[in-house]
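This report covers a single protein chain. The model is a predicted one.

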Amino acid sequence: MKHKKIHSPFYKLEIIKNCVVEYTQLDITTTCRKRPYVYARALYFQLSRDFTPHSLQDIGAMVNKDHASVLHGLKTFKLFYIWEEKYWIELYHAIRLKFKKEFNFANRFIGLTAEEKFDLLLHHHINLKEKYHKLCGWCQIGGNPEELIK
């Protein structure tokens with residue numbers, strides 16, 4: 001009989017953290033404020049937001065930071081493009097590509113073409129619009145809430 005491997009709820013964050021540490025050779029859990037460490041944590045924060053549904057608090061807790069530090073790190077990451085930090089941008093894309101190939105993370109759009117994403121979002125929009133109109137009609141006639149479930 002095969003046993004199912006039980007993961008902690010934060011195993012995806014752990015995978016991302018370990019990958020960033022492996023690629024950068026920096027311990028991102030330290031309190032060091034040197035640029036490479038700050039940038040490596042910003043990289044971890046962005047990858048965690050891209051590939052997991054975890055809160056800022058959970059993401060920060062993995063590297064001994066609070067939610068405000070995560071927000072600041074995400075802002076720092078966005079500035080990489082303005083500052084032309086090519087090394088960190090290329091590293092982000094390399095790790096992101098690795099995760100897209102190896103894992104099925106929270107983002108349901110991973111691996112889809114732009115057209116497929118558009119179709120998926122369009123159908124979702126149409127479905128929501130139909131539900132909205134049904135709800136508006138129900139409210140106008142003073143209908144029974146059980147009718148909405150059908």
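The model is predicted: local features need pLDDT of at least 70, side-chain atom pairs count only at pLDDT 80 or more, and totals for chains, interfaces and linings use all residues. Residues are numbered from 1 along each chain as its sequence is written, and side-chain values use heavy atoms, with hydrogens and water left out.

The chain has seven helices and zero strands, taken as DSSP runs (H or I, at least four residues; E, at least two) numbered from the N terminus. Of its 150 residues, 28% count as buried, that is, under 20% relative accessible area, with exposed over 50% and partly exposed in between (1.4 Å probe, protein chains only).

Helix α1 (residues 11–24) and helix α2 (residues 35–51) have axes that come within 10 Å and cross at roughly 145°; axes are lines fitted to C-alpha atoms over the stretch in contact, and angles run from 0 to 180 degrees between N-to-C directions.

Ten aromatic pairs are present; rings of Phe, Tyr and Trp (its six-membered ring) pair if their centres lie within 6.5 Å, and planes under 30 degrees apart count as stacked, over 60 as edge-to-face and the rest as tilted. Tyrosine 39 and tryptophan 83 are stacked, with centres 6.2 Å apart and planes at 25°. Tyrosine 39 lies in helix α2 and tryptophan 83 in helix α4 (residues 67–83), 44 residues apart.

| Residue | Relative accessible area | Class |
|---|---|---|
| Tyrosine 39 | 7% | buried |
| Tryptophan 83 | 41% | partly exposed |
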